[in-house]
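Morning, everyone. Please bring up the model on your screens, and we'll walk through a few places in it.

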Amino acid sequence: MAQGRKHGLVIGAASAGTVFEWYDFYLYGSLATFITRHFFSGVNETTGYIFALLAFAAGFAVRPLGALIFGRLGDLWGRKNTFLVTMLLMGGSTFAVGVLPSYDTIGVAAPILLLLMRLLQGLALGGEYGGAATYVAEHAPPGRRGLYTSFIQTTATLGLFLSLAVILVVRGQTGEAAFAEWGWRAPFLISVVLLGVSLWIRLQLNESPIFQKMVEEGKTAKQPLAEAFGKWPNLKLVIFALLGLTAGQAVVWYTGQFYALFFLEKVLKVDGALTNTLVAIALVLGTPFFIVFGWLSDKIGRKPVILTGCLLAAVLYFPLFKTLTAAANPELAAASQRAPVVVIADPSECAFQFDPVGKTAFTTSCDVAKSALASAGISYENRTAPKGEIASVEVGGVSVPSFRGEGMSTADFTAKQTAWRKALNGELQTAGYPAKADPAKVNKPMVVGVLFVLVLLVTMVYGPIAAALVEMFPARIRYTSMSLPYHLGNGWFGGFLPTTAFAMSAATGNIYFGLWYPVVVAAATVVIGAFFVHEMRGAHTED
């Protein structure tokens, strides 16, 4: 009984701190639309949103560096001390986001400071997960490692759920107008309270018994980085862990828990508060399955559960997101079928709709047409026009000729563009394209059902991953070895997914085209994992 209470404290304390860190990290993703308005208002709307997503992804980009820095420290001077440091870094940088001046106040310094805070968050999170997972796994009895570490896996979803819940409460208290103006900062500021609570809980822990034993016996690594990555037998395991496990796990996770949220709010134009509510309900329903699949991996192995989740995701993503469109914005789905939109243009006139410095004028007839549709979130097909011919937008057979803006003054171009977009929007409305999703027509049970399936796939791939990684590597270099492939997978393959998928869809005009990214990566992981990753269930973690 005493041993059970001890294990419960270990799991609870490690999980509580990790929930807080994920709460911090996910706030940014959930509030990307508001951050775009306040920190990237110096560029056009589409570019600003991509920049906001890039700043979100920047935190993921440096996670492998955080894994190397803090993984090394964790193998040198302990699991507990390391994840106390990472928590302080995460909490401080998150609080700072809540007080940063906006672009209108300090100009370009605002996005630079925001990016700096995101980088600090990414470094901290790069060291946090490996420490928490290793700490819990090294306390777990044989045969229950998947179950015990699956509680750590729930923390990412619980952190996302907590961030959504706080956002909903603040939104309800302030009202939408005030929330858009200043209320979005409150969830970041509240994090300082959670930081204090989480630090107090973490301070109650003792060091991992396996690490303590290595210290007593003088077996700790002297050069963890050289041992982990400078010797081929271990480096090979790192590569297989990345390509055969964590890459697919990452894209499934971020598609199910982040891209789905972006897709609902940005593409399908569902009200932000309603989107957060529906996602939160799906998370509540799906979260217990992290533990179910962690437990199942103790029975049948880590590989079968993880790779099955990746395979199902690769097969189901396109039909699931098409079902999501029909349920969340049925008017948009019906209009797309009844009156498809086609851009007919000379390809040489069409630029990629991304303006990093806000100075590019998209004035060709093709750019005028595509920028209008991108801003409206309308999916379209591309058709080639004869060279030199003016572009046009066809809405259900009705043609709306574009115009050439080259050579016009800024004022004349803006006036012409405004008038032209008004004419285009009139044809779109006539064809049944809604400006926003009608909340009364959203099939909420169906949306929650689709989101639940997406979350269920997340739980399959993520529930067993900590146990799988811990068991692959020797104890003396475990923190370092497992942290790098985890954060390369989740930081790069997963963290860049929302940005990459959104940009792919914006470039092609197909709202589903971005799904090819997670589908291809998940399918590749199934193949590589099946042939090159050995099942390690039941391995001795003391070695």
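Which helices each supply at least two residues of the nonpolar patch? Two of them are α5, residues 79-99, and α10, residues 186-202. Keep in mind that this is a predicted model.

Let's look at that patch. It sits on the surface and is formed by Phe95, Val99, Leu189, Val192, Val193 and Val197. Together these residues have about 470 Å² of accessible area. Helix α10 gives the most, with four residues. Val99 has its place in helix α5.

Now, a helix pair. Find α14, residues 272-286, and α15, residues 288-300. They pack at an angle of about 35 degrees. Their axes are 5 Å apart. Who makes the contact? On the α14 side, Val284, Leu285 and Gly286. On the α15 side, Pro288, Phe289 and Phe290. Sort the residues of this contact and you get five nonpolar, one polar and no charged.

Last stop: Trp420. Look for it in helix α19, residues 410-430. Is Trp420 buried or exposed? Its relative accessible area is 8%, and buried means under 20%, so Trp420 is buried.

What is Trp420 in contact with, leaving aside its neighbours within four places in sequence? Val368, Ala369 and Ala372 are among its contacts.

One more distance. Take Trp420 and Leu168, which are 252 residues apart in sequence. In space they are 37 Å apart, C-alpha to C-alpha.

Conventions: Residues are numbered from 1 along each chain as its sequence is written. This is a predicted model: local features need pLDDT of at least 70, side-chain atom pairs count only at pLDDT 80 or more; totals for chains, interfaces and linings use all residues. Side-chain values use heavy atoms; hydrogens and water are left out. Axes are lines fitted to C-alpha atoms, for helices over the stretch in contact, and angles run from 0 to 180 degrees between N-to-C directions. Contact means heavy atoms within 4.5 Å. Ala, Val, Leu, Ile, Met, Phe, Trp, Tyr, Cys and Pro count as nonpolar, Asp, Glu, Lys and Arg as charged, and the others, Gly among them, as polar. Patches are made of residues with over 30% relative accessible area and no salt bridge: like charges are joined within 9 Å, nonpolar side chains (Val, Leu, Ile, Met, Phe, Trp, Tyr) within 5 Å. Accessible areas come from the Shrake-Rupley method with a 1.4 Å probe; for residues, only the protein chains shown count as cover. A salt bridge is a side-chain nitrogen of Lys or Arg within 4 Å of a carboxyl oxygen of Asp or Glu. Buried means under 20% relative accessible area, exposed over 50%, partly exposed in between (1.4 Å probe, protein chains only).
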